[in-house]
Amino acid sequence: AVGGLTADQAVAKVLAEIAPDLNRELKLRWAGRRWTVTPEELGVKTNAQDLVAEALQASADTSFLQRVRMSLFKKPLDFAGTVEYRYPRGELRGFVRGVAAGLDRAARDARIDYSTGWVDIKEARPGRRLIEGKSRRALLDALEDGESTVNLTVKTVKPEVTEEAFDKVLLLHIGANKLYLYEDGKIVHSWPVATGQPEYPTPTGLYEITEKRYMPTWVNPDPDGWGASMPASIPPGPGNPLGTRALNWSAPAIRFHGTSADYSIGYNASHGCVRMHMWDVEQLYDLVDVGTPIVSLNFGGLKPLYASAPDPTPVAEDEVEAPQEPDEPGKRKGN
């Protein structure tokens, strides 16, 4: 009732009446996290001033006889109005967007960390994203219905790469001329190998197996260079430089392969490929699939075998500072 009040007094009275509603807290929640906001903080607008103006106009429009009758019978002016709320979309959108900024989290793919010289699989982490449209609608419904809680809609974002992509990883130490097979983050096999000469280095970085070749044919990779004295190709058999098995890398013209030059194992002796004892490459062939990641690292000083290398003098082991090799294959590094 605002009878007998000035316009300012009437508006102040209406606003005081609805103040508890404008300052009530709404709790937004998701998975144990909470945010609070009031209708006033969301920029609610009311029609209080318009209602008071309509009431005063209705009072001014009454006749003298109507006012006398209202006074005699103590009856108020027959005028009623409902206070209505409006919620600006911009403020609602801005508040929900602010919640999203603190809640959203990008998914993190699993990856191989080899910064220490060894393989460490970093776990994937799912992300999350607030569905702003649905959450904004739920907030508006709570405001209109007088509810005090709002359940946010959040979508889980799956990582594209999980730990399963790295259930098996090959690690090549070029200086030490050792190859390791990791399964589920642990070394389960190791083999001695021969890697590239200093002038034909085995590439370093992250690669993968792209093809497995049983009894492969050797195709001359450098007919105008070091392979000039060799035929264009050599079929499978005892004289094949690739031996009985070859596993191609995603690096051009690089592969794991067998060799009959067992004396070269343990040295930097190849033209970039990774040589293995025949029985070892056959074992490797059966253990890994196409797509298996390969980590190739320089690890310690090179040990050239051939006099054609720029520096044919092997580096003494006590002159090389390198991370310690694992005690035995199959144990976690550091054990």
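1. Let's start with Asn268: its relative accessibility is 0%, so Asn268 counts as buried (buried is under 20% relative accessible area, exposed over 50%, partly exposed in between, with a 1.4 Å probe and protein chains only). Asn268 sits in strand 18, residues 268–270; strands here are DSSP runs of E with at least two residues, helices are runs of H or I with at least four, and both are numbered from the N terminus.

2. A word on what you're looking at: this is a predicted model, where local features need pLDDT of at least 70, side-chain atom pairs count only at pLDDT 80 or more, and totals for chains, interfaces and linings use all residues. Residues are numbered from 1 along each chain as its sequence is written, and side-chain values use heavy atoms, with hydrogens and water left out.

3. What does the side chain of Asn268 touch? The side chains of Asn268 and Thr195 make a polar contact of 2.8 Å (a pair of N or O atoms within 3.5 Å; within protein, one must be able to donate a hydrogen and the other to accept it, and residues adjacent in sequence count only if both atoms are side-chain atoms). A polar atom of the Asn268 side chain also lies 2.5 Å from the backbone nitrogen of Lys303. Setting aside neighbours within four places in sequence, Asn268 is in contact with residues including Ile174, Asn177, Gln197 and Leu305, contact meaning heavy atoms within 4.5 Å.

4. Now the helix pairs. Helix 1 (residues 7–22) and helix 2 (residues 48–60) have axes that come within 9 Å and cross at roughly 135°. That angle makes helix 1 oblique to helix 2. Axes are lines fitted to C-alpha atoms, for helices over the stretch in contact, with angles running from 0 to 180 degrees between N-to-C directions; under 35 degrees is roughly parallel, over 145 roughly antiparallel, 65 to 115 roughly perpendicular, and the rest oblique.

5. Nonpolar covers Ala, Val, Leu, Ile, Met, Phe, Trp, Tyr, Cys and Pro, charged covers Asp, Glu, Lys and Arg, and the others, Gly among them, are polar.

6. Helix 4 (residues 89–103) and helix 5 (residues 132–145) pack at about 125°, axes 10 Å apart. That makes helix 4 oblique to helix 5, and helix 4 passes helix 5 in a right-handed crossing. The residues making the contact include Arg93, Phe95 and Arg97 of helix 4 and Glu132, Arg136 and Leu139 of helix 5. By class, the contact of helix 4 with helix 5 has seven nonpolar, one polar and four charged residues.

7. Check the loops too. Asp184, between strand 11 (178–183) and strand 12 (186–196), has a positive phi near 50° without being a glycine; at 60% relative accessibility, Asp184 counts as exposed. Met215 has a positive phi of about 50° and, at 32% relative accessibility, counts as partly exposed.

8. Overall, the protein chain has six helices and 20 strands, and 35% of its 335 residues count as buried.

Methods: Left-handed = near helix turned anticlockwise from the far one by under 90°.
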